[in-house]
Amino acid sequence: MTALDTPDGLHIDVVGEGPPLVLLHGWAMHGGIFAPLRERLRAQRTLYLVDLPGHGYSRDSTLPLALDPVVDALARALPPAPWLGWSLGGLFALHAAATRPEVATSLAMVCASPRFVHGRDWTHGMAPQVFRDFATGLRSDYRGTLDRFIALEAFGSDDARGELRTLRAEVFARGEPATRVLADGLGLLETVDLRKRLPTLDVPSLWLAGRRDRLVDPRAMQAAAALAPQATAATLDHAGHAPFLTHADTVAERLMAFLDRPQAATATAGV
């Protein structure tokens with residue numbers, strides 16, 4: 001494994017061989033969370049495992065945790081490639097695919113939605129107050145709030161204990177995420193709505209949901225996929241919010257089947 005550090009202080013682990021694939025983690029985590037997927041894909045893909053600003057080894061990055069600055073920085077640093085986004089990382093991956101298809105040449109959304117909160121015309125999101133409560137909790141009980149969020153991520157999985165154990169071990173494995181940036185991430189989860197980007201999405205997309213996910217309703221992902229051309233949706237029956245931890249073989253198989261499709265391969269080769 002080698003490391004790539006951008007002038008903005010973004011840390012990116014690079015591992016594997018073959019065509020490139022970019023992976024973006026969820027709130028409060030870092031690229032190391034993808035270890036089970038990394039081991040299954042490294043023989044087939046060159047993986048770029050990003051630590052988002054304020055997270056992991058990018059803790060001191062000068063970039064704000066905002067869609068345009070992060071996507072622009074990654075576009076300068078990385079080769080054209082499919083982008084995979086898990087949870088919060090899905091907002092960055094979807095934004096890249098919608099605005100920079102020459103950079104994010106296809107899209108894989110793993111337990112991620114174009115809009116995370118409930119609305120009158122989006123009935124499968126979470127209540128906005130959930131994210132506000134977590135933001136309030138960060139100021140009064142930083143570690144307890146992170147642990148409650150992690151417990152929510154693991155809840156519902158058929159291996160909830162194992163998933164919770166892994167998430168707890170990883171959250172501080174590269175240092176404590178910056179409190180300010182965690183609050184910014186919760187703000188993104190509460191306010192961003194990328195649904196209008198979906199009908200004009202010009203790259204193939206894969207939407208992988210966990211049926212037992214308590215943060216991103218699989219019905220939201222199905223609804224999002226229905227709005228996008230060239231979209232494929234699948235739901236993993238016994239998975240929660242982090243299926244690459246509990247069902248890594250299945251996620252890797254689904255992902256490679258998508259990436260190896262002529263449509264996705266053409267998009268990548270055409271850049």
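**Close-up 1. Arg45 and the residues it touches in this predicted model.** Leaving aside residues up to four places away in sequence, Arg45 is in contact with Val15, Gly16, Glu17, Gly18, Pro19, Pro20, Leu21, Pro82, Met256, Leu259 and Asp260. Arg45 itself sits in the loop that runs between helix 1 (35–41) and strand 4 (46–51). With a relative accessibility of 7%, Arg45 falls under the 20% cut-off, so this arginine counts as buried.

**Close-up 2. Helix 3 against helix 7.** Here we look at residues 88–99 (helix 3) and residues 179–191 (helix 7), whose axes come within 10 Å and cross at roughly 65°. That angle makes helix 3 roughly perpendicular to helix 7. As for handedness, the crossing of helix 3 and helix 7 is left-handed. Helix 3 brings Leu88, Leu91 and Phe92 to the contact, and helix 7 brings Gly185, Leu188 and Leu189. Sort the residues of this contact by type and you get 5 nonpolar, 1 polar and no charged.

**Close-up 3. Tyr142 and Phe172, a stacked ring pair.** The model has 5 aromatic pairs by the ring-centre rule. In this one, the ring centres of Tyr142 and Phe172 are 6.4 Å apart and the planes are at 25°, so the pair counts as stacked. Tyr142 belongs to helix 5 (residues 142–154) and Phe172 to the loop between helix 6 (160–171) and helix 7, so the pair ties together parts that are 30 residues apart in sequence. Tyr142 is buried at 14% relative accessibility, while Phe172, at 25%, is partly exposed.

**Close-up 4. An aromatic cluster.** Trp27, Phe134 and Phe149 are joined into a cluster through ring pairs.

Terms used. Residues are numbered from 1 along each chain as its sequence is written. This is a predicted model: local features need pLDDT of at least 70, side-chain atom pairs count only at pLDDT 80 or more; totals for chains, interfaces and linings use all residues. Side-chain values use heavy atoms; hydrogens and water are left out. Axes are lines fitted to C-alpha atoms, for helices over the stretch in contact, and angles run from 0 to 180 degrees between N-to-C directions. Helices (H or I, at least four residues) and strands (E, at least two) are DSSP runs, numbered from the N terminus. Angles under 35 degrees count as roughly parallel, over 145 as roughly antiparallel, 65 to 115 as roughly perpendicular and the rest as oblique. A crossing is left-handed if the near helix is turned anticlockwise from the far one by less than a right angle, and right-handed if clockwise. Contact means heavy atoms within 4.5 Å. Ala, Val, Leu, Ile, Met, Phe, Trp, Tyr, Cys and Pro count as nonpolar, Asp, Glu, Lys and Arg as charged, and the others, Gly among them, as polar. Buried means under 20% relative accessible area, exposed over 50%, partly exposed in between (1.4 Å probe, protein chains only). Rings of Phe, Tyr and Trp (its six-membered ring) pair if their centres lie within 6.5 Å; planes under 30 degrees apart count as stacked, over 60 as edge-to-face and the rest as tilted.
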